[in-house]
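Work through the exercises below with the sequence and the 3D structure open. Try each task before you read its solution.

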Amino acid sequence: MMKKTVIRGTGKAIPSRLVTNNDLTKMMDTSDEWIQQRTGIKQRYWVPEGEIMGASDLGLEASHKALEKAGWKPEDIDFIIFATLSPDIFFPGSGCLLQTKLGLKSTPALDIRQQCTGFLYSLATADAYIKSGLANKILIVGAEVHSSGLDKTTRGRDVAVLFGDGAGAVCVEGVDTDENIGVLASVLHADGKGADALMTELPASRLPDRMALGLEGDEIARYYPVMNGQSVFKTAVRKLPEVTREIFAKTGMTIDDIDLIFPHQANLRINQAYQQFMKIDEAKIFNNIQKYGNTTAASIPIALDEALEQNLIGKQGDTIMFIGFGAGFTWGSVIYRF
Ligand code: UT7
């Protein structure tokens with residue numbers, strides 16, 4: 001019998017402050033029409049203004065829900081994997097902060113810094129840890145508080161309108177079985193040549209003065225995420241089909257074996273381009289970016305939790321594919337069977 005990594009419970013946390021596209025027009029020169037046409041996004045949720053809330057706080061709420069569905073107590077967790085590009089503080093990692101908020105004393109915690117593919121890297125890592133025997137009950141969290149770090153002026157509008165805050169959590173467990181279930185295959189990639197196309201530069205250890213104090217005028221924008229949108233878009237629509245073919249070649253599966261695809265929610269147009277290029281039935285692709293914007297490491301686990309809540313998936317034998325592309329560049333895919 002072989003160890004298989006199965007999902008025991010999922011949860012999500014969405015902050016309370018609803019921000020519509022029209023709300024954004026009060027902060028910057030943009031329009032509901034532009035945002036919907038280019039991205040499909042209608043609204044997103046941000047943490048309430050003035051509230052002290054980091055990625056680990058949203059992660060905690062999502063974790064409690066996932067733990068409850070799994071029937072686990074925090075003490076049952078033997079490893080935490082936390083994916084975020086918006087950690088609570090520069091260091092230590094949000095995984096450590098979440099660990100203590102869960103009331104745990106020595107459970108190991110690992111942060112994953114892979115942005116939009118953070119959840120894919122986390123799930124593949126959890127699967128490898130489970131198969132190696134290093135851990136058996138793992139809490140995976142993807143959480144982001146983008147809103148406190150966005151340039152909400154016209155200068156930053158190309159990025160600011162895209163991102164939402166949120167968290168998703170998944171409890172996974174190793175089980176001994178001959179059945180072909182659980183994580184069936186993972187494929188991960190990175191190409192650091194694309195780093196400049198989507199990044200937040202500061203604070204930067206590579207500078208003699210990490211904090212770069214005394215920045216003036218537009219220089220302050222170095223603290224905000226910057227993106228070459230067209231480069232990211234074009235690379236994404238090339239890499240997503242490529243990685244799909246790669247994971248199908250690895251598993252001997254085809255699109256007919258997949259019941260539902262969960263692409264990272266970066267831009268509805270990217271996912272539509274992927275769907276049309278691959279000639280995949282629209283109903284086989286789960287999108288919710290319209291409601292949440294791009295929640296980066298949280299987007300796939302939030303989508304998974306929603307699809308489970310809606311009973312779209314979860315029956316024995318249901319097979320799903322996670323796929324994503326983002327900053328790094330990083331990209332990848334995981335196939336999972338219930
Ligand atoms: O998860 C992370 C990965 N990120 C992504 O996958 C994002 C990938 N890229 C994209 O989704 C798209 O490139 C964007 C949605 C970011 C931008 O769409 P685009 O069609 O590539 O627009 P653009 O950057 O070429 O800009 C077109 C115009 C520009 O004006 P001019 O130069 O034509 O006069 C921009 O200044 O749209 C302007 N613009 C805006 N207008 C209103 C840029 N942002 C905005 C805005 N509202 N928010």
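**Exercise 1. Explain the spacing of Lys239 and Glu242 in helix α7.**

Solution. Both residues sit in helix α7 (residues 229–251), and they are three residues apart, so about one helical turn separates them. Helices here are DSSP runs of H or I with at least four residues, strands are runs of E with at least two, and both are numbered from the N terminus. Next, check the pair: Lys239 forms a salt bridge with Glu242, with 3.2 Å between the closest N and O atoms. The rule asks for a side-chain nitrogen of Lys or Arg within 4 Å of a carboxyl oxygen of Asp or Glu. Lys239 is buried at 13% relative accessible area, whereas Glu242 is partly exposed at 37%. Buried means under 20% relative accessible area, exposed over 50%, and partly exposed in between (1.4 Å probe, protein chains only).

A note on the source: this is a predicted model, in which local features need pLDDT of at least 70, side-chain atom pairs count only at pLDDT 80 or more, and totals for chains, interfaces and linings use all residues. Residues are numbered from 1 along each chain as its sequence is written, and side-chain values use heavy atoms, with hydrogens and water left out.

**Exercise 2. Find which parts of the chain the salt bridge of Lys69 and Asp305 ties together.**

Solution. Start with the distance: the side chains of Lys69 and Asp305 meet at 2.9 Å, N to O. Now place them. Lys69 lies in helix α3 (residues 55–70) and Asp305 in helix α10, so the bridge ties together parts 236 residues apart in sequence. Lys69 is partly exposed, at 47%. Asp305 is buried, at 2%.

**Exercise 3. State how exposed Arg157 and Asp29 are, and how they pair.**

Solution. Their side chains form a salt bridge of 3.7 Å, N to O. Arg157 is partly exposed at 38%. Asp29 is exposed at 51%. By this rule the total count is 20 salt bridges.

**Exercise 4. Describe the interface of domain 1 and domain 2.**

Solution. First, the bounds: domain 1 covers 2–177 and domain 2 covers 182–337, as set by an automatic or database domain assignment. Their centres, taken over C-alpha atoms, are 14 Å apart. Next, the contacts (heavy atoms within 4.5 Å): 52 residues of domain 1 touch 51 residues of domain 2. Then the area. The two domains bury about 4100 Å² between them, 65% of it on carbon and sulfur atoms. Lys12, Cys116 and Leu120 supply 16% of the area that domain 1 buries against domain 2, more than any other three residues. Buried area is the accessible area (1.4 Å probe) that two parts lose on being put together, summed over both. Finally, the rule finds four salt bridges across this interface.

**Exercise 5. Characterise the surroundings of Tyr292.**

Solution. Tyr292 is found in helix α9 (residues 289–292). At 9% relative accessibility, Tyr292 is buried. Beyond neighbours within four places in sequence, its contacts include Lys12, Arg44, Tyr45 and Ile302. Glu306 is also in contact with Tyr292.
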